[in-house]
Amino acid sequence: CHLFCEVHQSLLQQSSPQHDAAVVAKWLKDNKVKDLVKSHLMYAVREEVDVLKEQIKELVERNSQLEQENSLLKTLASPEQMAQGSLSLECFRQSPWRPGR
C-alpha cells in the first residue's frame, strides 16, 4: 500500500512527469518482484505437497501390509503363544529403556 499511496499522492500533487513515471515504474517493478517470489514459493509448496502425498501413500500401504501380517500371525498363533506375546508386549510397554522414553 505504501508505494500505491505514494503514487497516488504524487499524481495528486502534479509533480514533474519524470518523477511520476519513476514512482510508477518502481511500484510496477516491486509488484513484479513480489509476483515472482510468490510464484516461486507456490511452486516449492506444490512440490513439497506432492512429496508428502507420496510418503503418506507409501505409509498407508505399509500400514495395511503390517495389519495383514499381524492378522495372519494372530490366526496362526496358539493360545499359549498369544499369551506369551501379550506378556512380552506388556513388559515392553513398562520398560524404562524403551525408545521414546
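Modeller: First, the term. A patch is made of residues with over 30% relative accessible area and no salt bridge, and nonpolar side chains such as Val and Leu are joined within 5 Å. Keep in mind that this is a predicted model.

Now the patch itself. Val33, Val37 and Leu41 form it, on the surface. Take leucine 41 in more detail. Its relative accessibility is 52%, so leucine 41 counts as exposed; the cut-off for that class is over 50%. Leucine 41 is found in helix α2, which spans residues 17-76.

How far can this helix be trusted? Among the elements of the protein chain, α2 has the highest mean pLDDT, at 89. Helix α1, residues 2-13, has the lowest, at 58. Where pLDDT is low, the predicted coordinates should not be read in detail. For the protein chain as a whole, the mean pLDDT is 79. Of its residues, 68% reach 70 or more.

Helix α2 also holds a charged pair. Lysine 26 forms a salt bridge with aspartate 30. The closest N and O atoms are 3.3 Å apart. Both residues lie in helix α2, 4 residues apart, or about one turn of the helix. Side chains of opposite charge can pair when their charged atoms come close. A search of the whole structure finds 1 salt bridge.

Next, the record. UniProt, in an unreviewed entry, places the feature "coiled-coil region" at residues 42-76. In the model, the chain over residues 42-76 is 100% helix and 0% strand. The end C-alpha atoms of that stretch are 51 Å apart.

Finally, the wider chain. Its secondary structure comes to 3 helices and 0 strands. From the N terminus on, the elements run α-α-α. Of the 101 residues, 6% count as buried. The protein chain exposes about 9,100 Å². Carbon and sulfur atoms supply 63% of that area.

Key. Residues are numbered from 1 along each chain as its sequence is written. This is a predicted model: local features need pLDDT of at least 70, side-chain atom pairs count only at pLDDT 80 or more; totals for chains, interfaces and linings use all residues. Side-chain values use heavy atoms; hydrogens and water are left out. Patches are made of residues with over 30% relative accessible area and no salt bridge: like charges are joined within 9 Å, nonpolar side chains (Val, Leu, Ile, Met, Phe, Trp, Tyr) within 5 Å. Accessible areas come from the Shrake-Rupley method with a 1.4 Å probe; for residues, only the protein chains shown count as cover. A salt bridge is a side-chain nitrogen of Lys or Arg within 4 Å of a carboxyl oxygen of Asp or Glu. Helices (H or I, at least four residues) and strands (E, at least two) are DSSP runs, numbered from the N terminus. Buried means under 20% relative accessible area, exposed over 50%, partly exposed in between (1.4 Å probe, protein chains only). UniProt positions are given in the numbering used here, feature names are shortened, and annotations may be inferred rather than shown by experiment. pLDDT is the predictor's confidence in each residue, from 0 to 100.
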